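Welcome! Have a look at the model below, and then let us walk through some of its features together.

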Amino acid sequence: MKVTLTGTGSPIPDANRAGPSTLVQCAGQNILIDCGRGVAMRLVAIGVPAPFVSAILITHLHSDHITDLNDVITTHWVMTGIETPLNVYGPPGTQTVVDGILMMLAPDISYRLAHHTDTLTYKPNVVVTEVKPGATFAIGDVQVRVARTHHQPVEPTVAFRLEHDGKSVVLGGDGIPCDTLDEICAGADAYVQTVIREDLVKLINNKRFQDILDYHSTVEQAAQTATKAGIKKLILTHYVPSMQPGQEEEWRAFAAKYFAGEIVLGDDLTTTTI
Ligand SMILES: [Zn+2]
Ligand SMILES: [Zn+2]
């Protein structure tokens, strides 16, 4: 099982970090979790262009996590030689968002259908499955479990646990620690959590920025969740504020105060094997 941080940025555009997304590869599946800014570019950079994405899992419908879902939909549709469904799993509301994206893309879809009349005879085939906490499903031989997370007032938000052949990884999405996150993390090999640095956020005298403190895990909270759950490898992403070159060990030290296992963090395309 391989986890790649295809985007480690946040809602704030960054010259070097794409928006939040993570790719999990195992059992022949390429499972993309969230679709932040630049995801289609990052997928190409790791040799998994959009047509090779097996399924997309959406943790929640905050814009930074779905900004480039439309790009993945279009690229998957145009670059795949035959009609292939693109499976998208997300919390209730995902179908409405996908319907809106397809409406936005309607002019483009009509142009391409009119232009490639012999080879492109079908519209994008996006199959949405809305999942609720407690749901389970499979992507190939990969088992997926869904749990509620706490990112209020964003509602509903979910975490996913992917398992195959005795290996497991939890994608926590955004949110603060809660019982259901603890439960789905329990005993997993790896845990990917989006994090903020409370000490740095507090230095920025801006109310809209301060507001993020009450609904995102800090680095320390992610580490505490990992320790409580017996996680072996803690993977941090979606750094707020953006982690600057040379700051990596400082961020790692904040997590290491509460977690004794391996801590993975870094630039976009950081990869780790579980
Ligand atoms: Zn976010
Ligand atoms: Zn969010």
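## Before we start

This is a predicted model, in which local features need pLDDT of at least 70 and side-chain atom pairs count only at pLDDT 80 or more, while totals for chains, interfaces and linings use all residues. Residues are numbered from 1 along each chain as its sequence is written, and chains are lettered from A and ligands numbered from 1 in the order in which they are written.

The names of helices (H or I, at least four residues) and strands (E, at least two) stand for DSSP runs, numbered from the N terminus.

D34 is a residue other than glycine, yet its phi is positive, near 70°. D34 is also buried, with 30 other C-beta atoms within 10 Å. A residue counts as buried if 20 or more other C-beta atoms lie within 10 Å of its own, as exposed if 12 or fewer do, and as partly exposed in between, with C-beta atoms placed from the backbone.

A27 is not a glycine either, and has a positive phi of about 50°. You can find A27 in the loop between β2 (21-26) and β3 (29-33). A27 counts as partly exposed, because it has 17 C-beta neighbours inside 10 Å.

## A sheet of seven strands

Next comes an open sheet of seven strands, with mixed pairing and the order β7-β8-β9-β10-β11-β12-β13. The edges are taken by β7 (136-139) and β13 (262-264); each has a single partner strand, so one side of each has no neighbour in the sheet. From one strand to the next, the twist averages 25°, an angle between N-to-C directions of axes fitted to C-alpha atoms, on a scale from 0 to 180 degrees.

Strands of a sheet pair through backbone hydrogen bonds, either parallel or antiparallel. Here, two strands are said to pair if DSSP finds at least two bridges between them. Strands β10 (residues 167-171) and β11 (residues 190-196) are a parallel pair with three bridges, and V170 has Y191 in β11 as its bridge partner.

## Around strand β8

Strand β8 (residues 142-148) is mostly covered, with six of its seven residues buried. β7 and β8 run antiparallel and are joined by four bridges; I139 stands opposite V142 in β8. Two residues lie between the strands of this hairpin, and G140 there takes a positive phi near 60°.

β8 also runs antiparallel to strand β9 (residues 158-164), with six bridges joining them. R148 has V158 in β9 as its bridge partner. The loop between β8 and β9 holds P153 and P156. A cis peptide bond links Q152 to P153, with omega about 15°, and the bond from E155 to P156 is cis too, with omega near -5°.

Which residues of helix α10 (residues 248-256) are buried? They are W251, F254 and A255. Seen down the axis of α10, these residues fall within an arc of 100°, so they line one face of the helix. The arc is that of the directions from the helix axis to the C-beta atoms.

Among the elements covering the buried residues of α10 are α9 (219-229), β12 (233-240) and β13; contact here means C-beta atoms, placed from the backbone, within 7 Å. On the face turned away from the buried side, α10 carries the exposed residues E249 and A253.

How values were computed: Contact = placed C-beta atoms within 7 Å.
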